[in-house]
Amino acid sequence: MADLTARDAVLVKYLNEAFGKEKQLEAVLQAQIGRTQNMPIKKRLREHLKETKAHARGLSSRIKALGGKADAGNLPGPDALGEAVGAVTSIANKAAAAAKGPVQVLRGSGAADNELHNMRDAFWNEAEEIAHYTIIEAVADKLGDKETVKLAKGIRREEERMQAFIGRQLATLSGAVIREEVPAGERKPAGARPARRRRASTASRRRTTTTAGRSTSSRTTSNGRTTARSRARSS
């Protein structure tokens, strides 16, 4: 790390932050896969675990290419203080990764509630990753590092696709929680909107009927006048 230029040290710093997050999420995803009972979610989590491992490998390769060392908690700096902070952060990241997954799946009141909480946390985890890669992409672009820009952009797009999938699950799982925990009679408030729509629909039909009646009357009157005029001409 001592041989890194200031330019490369900045790149390695942000790449290592993203690398640490990817390694942390490997443990979280493994825990979620083991506990989830929702098969579509389980399948997508397995796919994303593979993506996450690939992301970590790509980041590690890029860090090494820049002359740095891939470390899940390393915060590169020019002196021993930077190394000390990196070591502490590494330990904290590993502890969080080990503890977070099991905790996430043991806090709800039911299966649907647990799934919903896990997906909620997964959503903001993806948001954090997207932020990491948005920063890396911007920094690398300003420093003229096209390889790092390409890497960050590709990973960011995969994280965005995963977040979009999770976002769709939030609405679905919210409905499942309602069905699981709220009696049917309490799911809609008194005086629900559909009743107002029915009243509006009835009023609309009445207006249509009235208008149609007036139109028919007008045609009858007009026809009557025309017949009377025709008879007068004949006589």
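## Helices α1 and α2

In this predicted model, helix α1 (residues 6-35) and helix α2 (residues 39-65) have axes that come within 9 Å and cross at roughly 155°. Angles over 145 degrees count as roughly antiparallel, so α1 is roughly antiparallel to α2. The crossing of α1 past α2 is left-handed. Residues of this contact split into twelve nonpolar, seven polar and seven charged.

## Helix α2 and its ends

Helix α2 has 27 residues. From first C-alpha to last, α2 reaches 39 Å, close to the 39 Å expected at 1.5 Å a residue.

Both ends of α2 have a local feature to check. At the start of α2, a side-chain oxygen of Asn 38 reaches to within 3.1 Å of the backbone nitrogen of Ile 41. Just after α2, Gly 67 takes a positive phi of about 95°.

Helix α5 (residues 146-181) has 36 residues. The span of α5 from first C-alpha to last is 52 Å, close to the 52 Å expected at 1.5 Å a residue. Asp 145 caps the N-terminal end of α5. Here a side-chain oxygen of Asp 145 lies 3.3 Å from the backbone nitrogen of Glu 147.

The axes of α2 and α5 come within 11 Å and cross at roughly 160°. The two helices are therefore roughly antiparallel to each other. Their crossing is left-handed. On the α2 side, the contact residues include Pro 40, Ile 41, Arg 44, Leu 45, His 48 and Glu 51.

## Helices α1 and α4

Helix α1 also packs with helix α4 (residues 111-142), at an angle of about 160° and with the axes 10 Å apart. That makes α1 roughly antiparallel to α4. This crossing is left-handed.

From α1, the contact includes Val 10, Leu 11, Tyr 14, Leu 15, Ala 18 and Leu 25. Glu 17, Lys 21, Glu 22 and Gln 32 are also among the α1 residues. They meet α4 residues including Asn 118, Asn 125, Glu 128, Glu 129, His 132 and Tyr 133. Ile 135, Ile 136, Val 139 and Ala 140 are also on the α4 side. Residues of this contact split into eleven nonpolar, four polar and five charged.

Conventions. Residues numbered from 1 in each chain as written. Predicted model: local features only at pLDDT ≥ 70, side-chain atom pairs only at ≥ 80, totals over all residues. Heavy atoms only, no water. Axes fitted to C-alpha atoms, helices over the stretch in contact; angles between N-to-C directions. Helix = DSSP H or I, 4+ residues; strand = E, 2+ residues; numbered from the N terminus. Parallel < 35°, antiparallel > 145°, perpendicular 65-115°, else oblique. Left-handed = near helix turned anticlockwise from the far one by under 90°. Nonpolar A, V, L, I, M, F, W, Y, C, P; charged D, E, K, R; others polar. Expected span 1.5 Å × (residues − 1). Polar contact = N/O pair within 3.5 Å; in protein donor to acceptor, adjacent residues only side chain to side chain. Contact = heavy atoms within 4.5 Å.
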